Amino acid sequence: MTDTLCEQDDEMSDSYSLPTEAEGVVPSLVERFNSGEVGAMLPLYEPEAVLVVQDGGTVIGHTEIAAQLEPDLKHGLPLHAKARHVFVAGDIAEIVLDWSIEGTGRDGEQVHVGGSACDVVRRGADGFWRYIIDNNLGTAVRQPA
């Protein structure tokens with residue numbers, strides 16, 4: 001990750017609190033996404049977190065995750081998300097949530113994306129919960145990677 005991206009992460013961390021309870025991950029996600037800044041999103045992910053992409057493949061780490069998040073953030077539309085289930089086992093939690101991004105994007109295109117995510121988060125030594133696996137389309141059937 002570049003120094004500039006790291007500096008942005010640090011600045012955004014000061015602007016938005018990290019969740020101290022697993023149930024706080026989804027509200028934190030929504031707040032950070034709706035800021036429109038990819039730098040606000042990255043502190044929610046562990047450095048070696050995995051993001052499952054639309055075709056079922058994965059990307060790993062902040063730099064690759066940022067590249068995947070940027071197109072959705074560029075629409076300038078709000079994320080709506082609601083946790084359906086939060087299952088906690090010690091310092092690991094699975095979160096099942098329903099989410100959507102809908103409306104007319106900045107480019108004038110209609111956007112209608114969403115699904116049911118199945119994510120895994122972990123409480124770090126600092127007491128904050130962060131994504132280790134972000135699978136935003138959950139069990140949706142995907143094309144082979």
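How many residues lie between β3 and β4 in their hairpin, and which residue in the turn has a positive phi?

**View 1. The β3–β4 hairpin of the predicted model.** Two residues lie between β3 and β4 in this hairpin, and Gly 90 in the turn adopts a positive phi of about 65 degrees. Strand β3 spans residues 79-89 and strand β4 spans residues 92-104; the two run antiparallel and are joined by ten bridges. Within this pairing, Val 86 is placed opposite Ile 95 of β4. In a regular strand, side chains alternate between the two faces of the sheet.

**View 2. The largest pocket and its lining.** The space in this pocket amounts to about 500 Å³. Its lining comprises 25 residues, and those nearest the centre are Leu 69, Asp 72, Trp 99, Ile 101 and Asn 136. By class, 17 of the lining residues are nonpolar, five are polar and three are charged. At least two lining residues come from each of α2 (25-33), β1 (45-52), α4 (62-74), β4, β5 (110-123) and β6 (129-134). Strand β5 provides the largest share, with five residues.

**View 3. The largest nonpolar core.** This core contains 33 residues, among which Tyr 45 and Ile 65 touch the most other members. At least two of its residues are supplied by each of α2, α3 (38-41), β1, α4, β4, β5 and β6. In soluble globular proteins, nonpolar side chains tend to be buried together.

**View 4. The surroundings of Tyr 45.** Leaving aside residues up to four places away in sequence, Tyr 45 is in contact with His 62, Ile 65, Leu 69, Arg 130, Tyr 131 and Asp 134. Of these partners, Leu 69 is also one of the residues nearest the centre of the largest pocket.

How values were computed
Residues are numbered from 1 along each chain as its sequence is written. This is a predicted model: local features need pLDDT of at least 70, side-chain atom pairs count only at pLDDT 80 or more; totals for chains, interfaces and linings use all residues. Side-chain values use heavy atoms; hydrogens and water are left out. Two strands pair if DSSP finds at least two bridges between them. Helices (H or I, at least four residues) and strands (E, at least two) are DSSP runs, numbered from the N terminus. On a 1 Å grid over the protein atoms alone, a cavity is a set of points where a 1.4 Å probe fits but cannot get out, and a pocket is an open set with protein on both sides within 12 Å along at least five of seven lines; lining residues have an atom within 4 Å of a point. Grid points are joined across faces, edges and corners, and a volume is the space filled by probe spheres set on the points. Ala, Val, Leu, Ile, Met, Phe, Trp, Tyr, Cys and Pro count as nonpolar, Asp, Glu, Lys and Arg as charged, and the others, Gly among them, as polar. A nonpolar core is a set of buried Ala, Val, Leu, Ile, Met, Phe, Trp, Tyr and Cys residues joined through side-chain atoms within 4.5 Å. Buried means under 20% relative accessible area, exposed over 50%, partly exposed in between (1.4 Å probe, protein chains only). Contact means heavy atoms within 4.5 Å.
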